[in-house]
Amino acid sequence: MNVKQLRYIAFALVAAAFCSCQKDPSTSDLHRDYLVYTAHDTGTDFSAIDTYYLPDSILVIGNSDQTEYWKDENALTIIDAVAGGMDDAGYTRSDDKTAASVGLQLSYVRQETYFVGYDNPYWWWYYPYYWTPGYWGNWAGWHYPYSVYYAYTAGSLLVEMLDLQADQESGKKLPVVWDTFIGGLLTSDAELNLQRTVEGVEQAFAQSPYLVK
């Protein structure tokens with residue numbers, strides 16, 4: 001199975017996300033391939049979005065009992081790839097998250113498997129030390145306008161776009177309007193891992209044409 005075939009699988013999973021549950025397919029037999037999954041809120045007008053804020057670190061979900069952020073040169077390369085995708089799509093990066101239209105948060109799953117579902121009102125309830133809604137403002141929790149259920153495995157990158165202009169009244173949850181899951185990234189070759197991750201980010205934007213302004 002090649003990368004092109006996997007991309008067709010990723011598109012199929014996107015369609016299934018809105019009517020049922022789905023898992024990240026096992027990557028044990030894929031060897032050199034990876035999977036890129038994307039989903040978005042069909043009610044969001046992405047053409048009306050102007051600016052975005054992107055933190056300078058990636059949250060790591062692993063074995064540590066302390067919050068861990070990835071900030072080295074490799075992490076910045078991945079962050080720059082996300083910024084490049086947003087810039088190429090016509091958005092402008094902002095240094096002020098309180099003024100940005102959307103925010104993007106990156107998380108990397110390191111040698112773990114977690115199951116998360118939309119059946120709990122607090123998204124990411126089962127993830128330890130996940131991004132807190134308070135980082136982005138006065139939000140009571142997370143909210144996906146579309147139903148999702150994932151199984152995340154080792155070497156997975158998650159990128160989420162948050163609607164920072166949504167209503168922040170008491171009790172409101174922060175909407176996630178676009179996300180991508182890139183799986184099958186972890187090998188014994190660190191350079192290959194980085195290459196796969198950057199290519200996965202680029203593919204995520206390529207298969208999300210609705211993001212282009």
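This is a predicted model: local features need pLDDT of at least 70, side-chain atom pairs count only at pLDDT 80 or more; totals for chains, interfaces and linings use all residues.

Glu-160 is buried and yet has no salt bridge, and the nearest side chain of opposite charge, that of Lys-97, is 15 Å away. What does the side chain of Glu-160 make a polar contact with? The partner is the side chain of Gln-105, at 2.9 Å.

From there I would like to turn to the nonpolar residues. The largest nonpolar core has 35 residues, and those with the most contacts inside it are Ile-58, Leu-104, Leu-157, Met-161 and Trp-178. At least two residues of this core come from each of strand E3 (58-61), helix H2 (73-88), strand E6 (102-109), E10, strand E11 (173-183) and H3. Which of these elements gives the largest share? That is H2, with 7 residues.

Met-161 deserves a moment of its own, for, leaving aside residues up to four places away in sequence, Met-161 touches a list of residues that includes Phe-46, Ile-49, Met-86, Leu-104, Trp-178 and Leu-211. There is also a second, separate core, which has 23 residues, and among them are Val-109, Trp-142, Leu-158 and Leu-162.

Now to the charged side chains. As a general point, side chains of opposite charge can pair when their charged atoms come close. How many salt bridges does the count come to here? The count is 1, and in this salt bridge the side chains of Lys-213 and Asp-50 meet at 3.7 Å, from N to O. The pair links distant parts of the chain, 163 residues apart, with Lys-213 in the segment after helix H3 (190-206) and Asp-50 in the loop between strand E1 (35-40) and strand E2 (51-53).

Thr-42 is classed as exposed because its relative accessible area is 65%, where the cut-off for exposed is over 50%. The C-alpha atom of Thr-42 is separated by 8.7 Å from that of Pro-145, although these residues are 103 residues apart along the chain.

Methods
Residues are numbered from 1 along each chain as its sequence is written. Side-chain values use heavy atoms; hydrogens and water are left out. A salt bridge is a side-chain nitrogen of Lys or Arg within 4 Å of a carboxyl oxygen of Asp or Glu. Helices (H or I, at least four residues) and strands (E, at least two) are DSSP runs, numbered from the N terminus. Buried means under 20% relative accessible area, exposed over 50%, partly exposed in between (1.4 Å probe, protein chains only). Lys and Arg count as positive and Asp and Glu as negative; His and the chain ends are not counted. A polar contact is a pair of N or O atoms within 3.5 Å; within protein, one must be able to donate a hydrogen and the other to accept it, and residues adjacent in sequence count only if both atoms are side-chain atoms. A nonpolar core is a set of buried Ala, Val, Leu, Ile, Met, Phe, Trp, Tyr and Cys residues joined through side-chain atoms within 4.5 Å. Contact means heavy atoms within 4.5 Å.
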